[in-house]
Amino acid sequence: MGNIIVAAIVVVLLIIGVLHYKKTLQSGCCGEHDQIKKIGTGDKDKNLYPYRTILHIDDMFCKNCAATIENAFNQHKEYLASVNMNKKEITILSMNQPDLETYKQMIIKLGYSPR
């Protein structure tokens, strides 16, 4: 009898976990259910940004993660950034010579791991 109760509790916990995981995948893991708005850059003319850098970010899991990282760069007029969630990478276009260490530190401060 005790084994049946324990098994029932485990099944209920597994169902709750699966439902939570499914909800997280649909709404995003960051920022709960609120969608983070993307910040637009001053100028979207890609010809103004002669330098291009691509960084991989493996621990980016949802649209909110992507928006957070893009916003960190796009709030500065010298960058135009976009994230490709399928490739888990960010493309940073810049007006000035890229400083890879600065880019990485910006991403690390947000809680992500660039490579």
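## A cluster of rings

In this predicted model, Phe73, Tyr79 and Tyr103 are linked into a cluster by ring pairs. The structure holds 3 aromatic pairs. One of them joins phenylalanine 73 to tyrosine 79: the centres are 5.6 Å apart, the planes stand at 75°, and the pair is edge-to-face. Phenylalanine 73 and tyrosine 79 are buried.

The rings of tyrosine 79 and tyrosine 103 have planes at 80° and centres 5.5 Å apart, so this pair is edge-to-face. Because tyrosine 79 lies in strand 2 and tyrosine 103 in helix 3, the pair ties together parts that are 24 residues apart in sequence. Tyrosine 103, like tyrosine 79, is buried.

## The nonpolar core

The largest nonpolar core has 17 residues, and those that touch the most other members are Ile57, Met60, Ile69, Phe73, Ile90, Ile92 and Ile107. Two or more residues come from each of helix 2 (63-74), strand 2 (79-84), strand 3 and helix 3 (100-109). Helix 2 gives the most, with 4 residues.

Beyond its neighbours within four places in sequence, methionine 60 is in contact with several residues, among them Cys65, Ala66, Ile69, Val83 and Tyr112. Glu89 is another of the contacts of methionine 60.

## A buried glutamate

Glutamate 89 lies in strand 3, which covers residues 89-94. Glutamate 89 is buried but has no salt bridge. The nearest side chain of opposite charge belongs to lysine 87, 4.3 Å away, while a salt bridge requires the charged atoms to be within 4 Å.

Leaving out residues up to four places away in sequence, glutamate 89 touches Ile54, Leu55, His56, Ile57, Met60, Ser82, Val83 and Asn84.

Technical notes
Residues are numbered from 1 along each chain as its sequence is written. This is a predicted model: local features need pLDDT of at least 70, side-chain atom pairs count only at pLDDT 80 or more; totals for chains, interfaces and linings use all residues. Side-chain values use heavy atoms; hydrogens and water are left out. Buried means under 20% relative accessible area, exposed over 50%, partly exposed in between (1.4 Å probe, protein chains only). Lys and Arg count as positive and Asp and Glu as negative; His and the chain ends are not counted. Contact means heavy atoms within 4.5 Å. A nonpolar core is a set of buried Ala, Val, Leu, Ile, Met, Phe, Trp, Tyr and Cys residues joined through side-chain atoms within 4.5 Å. Rings of Phe, Tyr and Trp (its six-membered ring) pair if their centres lie within 6.5 Å; planes under 30 degrees apart count as stacked, over 60 as edge-to-face and the rest as tilted.
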